[in-house]
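I opened my notebook to look at how two chains meet. Here is what I looked up, entry by entry.

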Amino acid sequence: MVTEYTTIREIAGPLVLLDRVDHATYEELVEVELAGGEQRRGKVLEVDHDRVLIQIFEGTRGVDIAKTSVRFLGRGLELAVSPDMLGRIFNGLGAPIDDGPRLIAEKKIDINGNPINPYARVYPKEFIQTGISAIDGLNTLVRGQKLPIFSAFGLPHSELAAQIARQATVLGAGESFAIVFAAMGITFEEANYFIRDFQETGAMERVVLFINLANDPTIERIATPRAALTAAEYLAFERGMHVLVIMTDMTNYCEALREVSVARKEIPGRRGYPGYLYTDLATIYERAGLLKGAKKGEVQQGSITQIPVLSMPDDDKTHPIPDLTGYITEGQIILDRSLNRSGVYPPIAVLPSLSRLKQKGIGACKTREDHADLSNQLFGAYARGVQAKELAVILGEAALSDSDKAFVAFADAFEARFIQQGQHEDRSIERTLEIGWELVALLPRSELKRIKDTYVEKYLPREGDV
Amino acid sequence: MSTGRIVKVSGPLIVAEGMHEAKMFEVARVSEKHLIGEIIELHGSEAYIQVYEDTSGLGPGEIVESTGMSLSIELGPGLLQSIYDGIQRPLDVVYAKAGHYITRGINVPGLDHARRWEFTPKAGLKAGEPIGPGDLLGEIRETELIVHRVLVPPTVGGGTLVRAPERGAYAIEDTIAEIETPNGTAKVALMHRWPVRTPRPIVKKLVPQKPLVTGQRVIDALFPISQGGTACVPGPFGAGKTVIQHQLAKWSDAQIIVYIGCGERGNEMTDVLQEFPELTDPATGRPLMERTVLIANTSNMPVAAREASVYTGITIAEYFRDMGYDVAVMADSTSRWAEAMREMSGRLEEMPGEEGYPAYLPSRIAEFYERSGRAICLGSEGRTGTLSVIGAVSPPGGDLSDPVVQATLKVVKVFWSLEDQLAFERHFPAISWLTSYSLYHDALRDHFHAEVAEDWGRVRTETMELLQKEAELKELVRLVGVDALSPQDRVVLETTKMIREDFLHQSAFDAEDAYTRLDKQYRMLKAILDLHRRSIEAVGKRCPVRKLLELPVRERISRMRYIAEKDLAQFDTIAKDIEEQLAGCLKESRTGEE
């Protein structure tokens, strides 16, 4: 039974308050018909006796109190899924917007998903080679991880995300993969950059795109990552694919959430963002990982690896959006403005970056036995070099001790040779480690405390080798 | 018990009317799906209910039934090795029933009601004897590691034992004994229920005496926590809170571990689940899982159940404490718990306190930590048990002025402050030696002196003084350069570098380094301080600092973390090396002068 209501009582921001509703349920999907016949969609945010608060995805411009009618559909927002989604473009709510043929849905899935039982997960430990030394060598990505890129205006996060999408491979595996791309409030040009890149590399037929551009309805953004992850879950866990999900820009998503929260006059948490921002973000980021297979000890075919991109307002890592994200995701790749200014690509600030799943994704049989020790040494030495450089700024180079000078030289070489690489340069993990060894060779042998002696013997280039 | 109808749904909060007999904190079943909720506010016949499951699809008119019980969990054999969600639903059973995802309305008991346990009654227990709460009835070997002591539950009053327990195999609901009390005959089973928000009774609290040995050098040597103590680990993300909690869960010498993953990452809980059965207890060689109970309410699971998870965890811990065990609770992270409170408070439209947190936040936090302690448990035996609580706090941006951090620091005695600068340098554990503190030094001094070394306290003080001095000297170096320092001060800098790199830095992932026994910790520090004392003497006799840096013994000191526990005699040769090499150094510089 579908009833139409024309009992709108209030309209404020993206919200509509409806009176005298017989039966509505929380999170229910509604269809709104404007006086001119235009159709919009919304969802129920609160039911209080016979009053219902609705959030309209496309915004309330043109909605009036007298003539607009609202229909309750008796279900939540769903995404029609099928294997034919690959290669197609959808809007932020999951409706196709390209000129392709009509999609025949295999089934419809509620975009909110259900939480994965932690007992049903398998701990991710399969190394993904991105071909980028600063990631592979130091902040390693593994299959099933959620590793965001913390960026800021004017930094090449799109280039980096596209490069990862292009190059990401698992050592020694030839399985089917897909990319799900969710754009939230980014510009046409940015979105087009990705689409063109996918087309040029021939990856387009493996990509599902959900596009909500800067000029698309703001509130629609709240549904976009959920629609994208629903598609990803379907492809990964029902079709057995390894899915890489790129979501950009999460900051726009959070701002949409804040807009609704403010319109509801909720008590704000930090910087006006709602108090439930952490919980809300978690329901997005936690939709990644690997699942147990049917038999004991088996892993179910398929995985979801997430690379959300977010821009830090004012380059501030302690802003609520990067802060809460960092508490949920398994590490972060932080881009740095000063590295970018000095022409280093990718400008990854390796010290504050982190991959929490690295420990179990590297080592013998995965990358190489010396990987963990070497990366520890590189971290330690680079940190010391950076500190010595700061000291040199105050006191002058001359005031540095000999060993400090060696570390300064190391830090410069590290930025120029290890971090720096081309946008289309795909380095193997062996090459990355090799460069690492060449760099630690610049340091006195006695400083290599974090590497086991046997590895030093085996891998340190002898003089004359370099 | 009463039945009402939903009138309002707002996220995890629903309002039902017609709930005339409802009581505060009573559990209610919501809608046909029987979702679990708890009544948190009453206005006339309207009850405000926080629902522990997703509420989408609920609407006015649906039925709500109160159950007459407050939120309780099942306590009895079978708790160990379990993994529960925030309201004690075993996640492995949920997985078997519902598959990969947690769907709504799943109703599973916390304990296995069919399994039969081999029960051995306490010797000499006869009908007709007086018996009271906490008295021992018998034992069950729950795991190879842990004997489950079956006690008269505190819910049963004192009286006379009319039916003594007998040896046999029982399911947890079978009656094993009967007690004649003033209120009638009470049947005692292996299992009983306990409301999670009520602390379990004890006879009285005692002051802590023994350290909780963690094998983590920076903790045991510099900032120890006692058994029955409380500690808090605040830090920004990526500083290593979770790794520290995992290390403590693995290596601390508590007999029972309750690990609460409250609003944290799913994969981290999986890591614990997969790793603990493979790790063995250093003392017994049995899998660590045999002494562990896990509570996992990850960040994407319903927020109200997150609020309940810390209470579920600490109630289980108290249950084992009552048996006389040393229990440790790790709560990661209490900030998520506080945020869950904030979210519910916002939905109730309460007047907010600081940062939107409810005004009762500090008192809730204090109540939680106060459930810790060393205590004489109920029962005629006078058993003592301890319950230690270690809470991680995740303040926004690592800012320690956060209300959750401040409220926690008010009640805990140990503060391990994590610093992101240390984490960037991959110095782990990233516990700052300058800002952390422990208030248990005095209480634990006697124990350390008796069990480890007479001069433990002095060694610790000396180490802390050196580290403090280093901070001052570094300020100076920043202004005038290292060359302007006196040779003595340069020796101090070299020594503190050794303390930091060779003692405080500890790898959680290296088999030998992950755990260090107290006596080895002492020998390590002692070696560094010996070298320091001799070096200061040497530069006093005009031995150049450069010479001291070339001493081969420094290399040995940097590798001493890998000395096996059985080879502690190697420290004697290190001491000998120090003596000989410094003597050599002095002799050389004297010859040089002549």
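Which residue forms a salt bridge with K449(A)? I found E501(B), with the closest N and O atoms 3.2 Å apart. I counted a salt bridge when a side-chain nitrogen of Lys or Arg lies within 4 Å of a carboxyl oxygen of Asp or Glu. Between chain A and chain B the count is six.

Ground rules next. This is a predicted model, where local features need pLDDT of at least 70, side-chain atom pairs count only at pLDDT 80 or more, and totals for chains, interfaces and linings use all residues. Residues are numbered from 1 along each chain as its sequence is written, and side-chain values use heavy atoms, without hydrogens and water.

Then I checked contacts (heavy atoms within 4.5 Å). I got 75 residues of chain A touching 77 residues of chain B.

Next came buried area, the accessible area (1.4 Å probe) that two parts lose on being put together, summed over both. I noted about 6,400 Å² between chain A and chain B, with carbon and sulfur atoms giving 54%. On the chain A side, Y26(A), Y119(A) and Y327(A) lose the most area to chain B, together 12% of what that side buries.

Last, I looked at strands (DSSP runs of E, at least two residues, numbered from the N terminus). Strand 5 of chain A runs antiparallel to strand 1 (residues 3-10) of chain B, and two bridges join them; strands pair if DSSP finds at least two bridges between them. I also wrote down that K8(B), in strand 1 of chain B, is the bridge partner of D48(A).

Technical notes
Chains are lettered from A and ligands numbered from 1 in the order in which they are written. Helices (H or I, at least four residues) and strands (E, at least two) are DSSP runs, numbered from the N terminus.
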